[in-house]
Amino acid sequence: MEFRAQARFMRVSPQKARLVLELIKGKRAEDALNTLIFTKKRVAATVEKLLRSAIENANYLNSEKGVDVDVDSLYVKNAVANDGPRMKRIRPAPMGRAFRYVRRIAHIELVLAERGKGHEGLVTTAGEETGAKAPVKRRAPAKKKAVGKKKAVAK
């Protein structure tokens with residue numbers, strides 16, 4: 001079973017967010033929280049809040065919905081920071097000119113999973129099949145054209 005948490009838009013560049021996310025990928029949820037508490041990056045506080053939200057999602061399913069979840073065996077299965085929309089800004093420059101710059105925004109997604117569980121009940125993404133893989137269709141190789149030779153045109 002997977003538990004997801006998403007931060008829609010963070011005012012930090014995705015590159016900076018990925019530095020923090022690489023620290024917690026594959027770790028137990030408790031170890032990841034401890035790592036984030038002592039990380040000296042500004043985005044670490046937001047990622048910590050996001051991780052706590054994903055843990056609470058799992059805890060909610062365990063207590064309210066009756067889904068069998070062992071919260072102590074959760075680990076960070078996937079942590080991704082993608083580009084969000086960019087804000088284009090203008091800064092005044094000498095002699096009446098203007099310099100353009102871009103404020104980048106990150107879209108962060110965390111996925112927690114239980115360690116030691118099989119693949120039953122996994123959340124799938126669009127186009128993905130559970131179980132056996134779909135057969136791959138292969139194209140026939142393209143025919144090569146003759147290079148350098150021109151056909152004679154009759155008049």
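Angles between axes under 35 degrees count as roughly parallel, over 145 as roughly antiparallel, 65 to 115 as roughly perpendicular and the rest as oblique.

**View 1. Helices α1 and α2 in the predicted model.** The axes of α1 (residues 14-24) and α2 (residues 29-37) approach within 9 Å and cross at roughly 140°; α1 and α2 are therefore oblique to each other. Axes are lines fitted to C-alpha atoms over the stretch in contact, with angles from 0 to 180 degrees between N-to-C directions. The crossing of α1 past α2 is right-handed (near helix turned clockwise from the far one by less than a right angle).

**View 2. Residues joining α1 and α2.** V20, L23 and I24 of α1 are in contact (heavy atoms within 4.5 Å) with A32, T35 and L36 of α2. This set comprises 5 nonpolar residues, 1 polar and no charged.

**View 3. M95 in the loop between β3 and β4 (98-103).** M95 is not a glycine, yet its phi is positive, at about 60°.

**View 4. Confidence along the protein.** Mean pLDDT (the predictor's confidence in each residue, from 0 to 100) is 81, and 75% of the residues score at least 70. Strand β1 (residues 2-10) has the lowest mean, 77, and strand β3 (residues 87-92) the highest, 95. Over residues 119-132 pLDDT stays under 50. Where pLDDT is low, the predicted coordinates should not be read in detail.

**Notes.** Residues are numbered from 1 along each chain as its sequence is written, and side-chain values use heavy atoms, without hydrogens and water. In this predicted model local features need pLDDT of at least 70 and side-chain atom pairs pLDDT 80 or more, while totals for chains, interfaces and linings use all residues.

Terms used
Helix = DSSP H or I, 4+ residues; strand = E, 2+ residues; numbered from the N terminus. Nonpolar A, V, L, I, M, F, W, Y, C, P; charged D, E, K, R; others polar.
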